[in-house]
Amino acid sequence: MLYLLIWCIVLTASIYLFKQAGGSLSLLKPNMISIIFYYSFLISSFIGTLLIGMGVDDYYMINRLYFEESRQKGFYIICLVMILFPLVMMLITKLSNFDAKEEFNEYLSKDISLPFKEKNEFFLIFLMLSGISMLSILYTLWKAPVIPILEVALGNSEYSPGELRIMAQREFGGNVLIRNIFAIALTPLLSLIAYVYAVRTGQVKWKLLYLSLFAGAILINIYDLAKSPVFFYLIMFLLLSLYIGVIRFNVRRLVLWGMLGAAALVSMYIVIQGVTDIGSYLSYNSGPVGRLIFAQIAPTFLHFDLYGSLLPFLNGKSLPIITDLFDMDHVRSARVVMETVFPEKVEAGTAGVLNTLYIAEAYANFGYLGVVVSTIYIAALVQILYIVFVRLPKNPVFLCLFIYFTINIPRTLVGGFADFLFNPIWVLMTGLFVGILLFIRLRLHFTVLWQKKKSGNEV
């Protein structure tokens, strides 16, 4: 009962702080902060934390703990993070004089502007980028050792779906930058921007381009049998439609979409993994439910269990920005934990890394200090980004970047800490589109100045 009481108190305080930081936790008006709270913390981390702390999880990863006291250790650390993270965000809000509720509501109701709508130059640049992304998708499929979704559909593979997916990811024979940046990251973002122009202009060229990019984004998200990326991509479309006023969320729609999404997710698991025992598969600690509430947080407890006791702290070896600076070998803490806890899966080729809440990687490197410093740093970074996007002009590029980060930051929070120090994909995506806007705007500016100077000389 003590754990439940502490958990309820912490949850109540966390809800209040997150609401102050984001302006709203309403499911009918989702924003970056509310999605972080619901997905990264409440569902993926805090529910499982309570069950693990109380010792009623019976989850296969937690059963591999070497020390039972790691349950209590993890419980109290995560409770601390649930308070500290939104507290830092709220402080940033106060220091920025940011009225979270009012400014976000104004952003939702604001009309979207379409820069360069009549300029064919912007469309041609966008078309060129789209061509690069589509060619990158074809390149990814060409260089992949197998196309898992095709192998499963044809039923002619001797490997399991899990083995096919690991093979497609780890034995990719091409340039990973082309795959990760131009195929996986760029295509969905381009499709979002094209969707806004297609809806707002009604022009056939934008509609055709959007449909092509949408098909490409779906393909690149499902070809390796990954189950969650395509759902997050579709959620981005729902958010974008809400932010440009195409749809309005209500309780009935959310329930319907949730039921459809859950049914599709369960069906994908059943088909891909060949599930036969549906009853145990749908229990709280296995299948989709277990994956939601345990799979992302259980490795955090394993990190607390191993590092500082059976494994030495990494002291920055899993952070590329430090390993590159001091010429050290890069070590992924999540991979080391997988090799230590599940060596049989690694040997069989069915396991990659145990991605988990960002504090796990921070703890593996610097112990308790890493947990506190990483939480303060990430919370401040996230809140600053949120404030900046809400205050930027509401045009297709800035809006779609906002949507992109609104979905990808919560996903990255349960993926590790290193990506928040330097994320080349985030930097490149932002720099690319902001650079295009600046290039065209500066070109138009100097063109106008040149024309004025020319007309002045003629007079």
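S133 is buried, with a relative accessible area of 0%, where buried means under 20% relative accessible area, exposed over 50% and partly exposed in between, for a 1.4 Å probe and protein chains only. The model is a predicted one, in which local features need pLDDT of at least 70 and side-chain atom pairs count only at pLDDT 80 or more, while totals for chains, interfaces and linings use all residues. Residues are numbered from 1 along each chain as its sequence is written, and side-chain values use heavy atoms, with hydrogens and water left out.

S133 is found in helix α5; helices (H or I, at least four residues) and strands (E, at least two) are DSSP runs, numbered from the N terminus. Leaving aside neighbours within four places in sequence, S133 is in contact (heavy atoms within 4.5 Å) with F182, A183, L186, T187, L190 and L213. P188 lies in helix α8, residues 176–201, and is buried, with a relative accessible area of 6%.

Overall, the protein has 20 helices and 0 strands. Buried residues make up 48% of its 459 residues. Of the contacts with a separation of 6 or more, 76% are between residues 24 or more positions apart. The accessible surface comes to about 21,400 Å², and 65% of this belongs to carbon and sulfur atoms; accessible areas come from the Shrake-Rupley method with a 1.4 Å probe, and for residues only the protein chains shown count as cover.

In soluble globular proteins, nonpolar side chains tend to be buried together. Here the largest nonpolar core has 129 residues, a nonpolar core being a set of buried Ala, Val, Leu, Ile, Met, Phe, Trp, Tyr and Cys residues joined through side-chain atoms within 4.5 Å. The residues with the most contacts inside this core are F41, F85, Y243 and Y358. Helix α18 gives the most to this core, with 14 residues. Apart from this core lies another, of 6 residues, among them I137, A183, I220 and Y223. F41 touches F18, I36, F46, V81, M82, F85, L357, Y358 and L413, not counting residues up to four places away in sequence.

S70 is found in helix α3, residues 69–95, and is buried, with a relative accessible area of 3%. Not counting residues up to four places away in sequence, S70 touches L65, F301, F304 and D305. The C-alpha atoms of S70 and H303, 233 residues apart along the chain, are separated by 9.3 Å. N395 is found in the loop between α18 and α19 (396–413) and is buried as well, with a relative accessible area of 5%. The residues touched by N395, not counting those up to four places away in sequence, are I112, S113, P115 and L437.

L437 also belongs to the lining of the largest cavity, together with F122, I125, F126, L129, V397, F433 and I436. On a 1 Å grid over the protein atoms alone, a cavity is a set of points where a 1.4 Å probe fits but cannot get out, and a pocket is an open set with protein on both sides within 12 Å along at least five of seven lines; lining residues have an atom within 4 Å of a point. The structure holds 1 cavity of 30 Å³ or more. About 50 Å³ of space lies in the largest cavity, where grid points are joined across faces, edges and corners and a volume is the space filled by probe spheres set on the points. Helices α5 (120–143) and α20 each supply at least two residues of this lining, and the largest share, 4 residues, comes from α5. The lining divides into 8 nonpolar, no polar and no charged residues; Ala, Val, Leu, Ile, Met, Phe, Trp, Tyr, Cys and Pro count as nonpolar, Asp, Glu, Lys and Arg as charged, and the others, Gly among them, as polar.

The second largest pocket holds about 170 Å³ of space. Its lining consists of Y377, L381, L385, F405, D419, F420, L421, F422, N423, W426 and V427. These residues divide into 9 nonpolar, 1 polar and 1 charged. Helices α18 (358–391) and α20 (424–458) each supply at least two residues of the lining, and α18 gives the most, with 3 residues.
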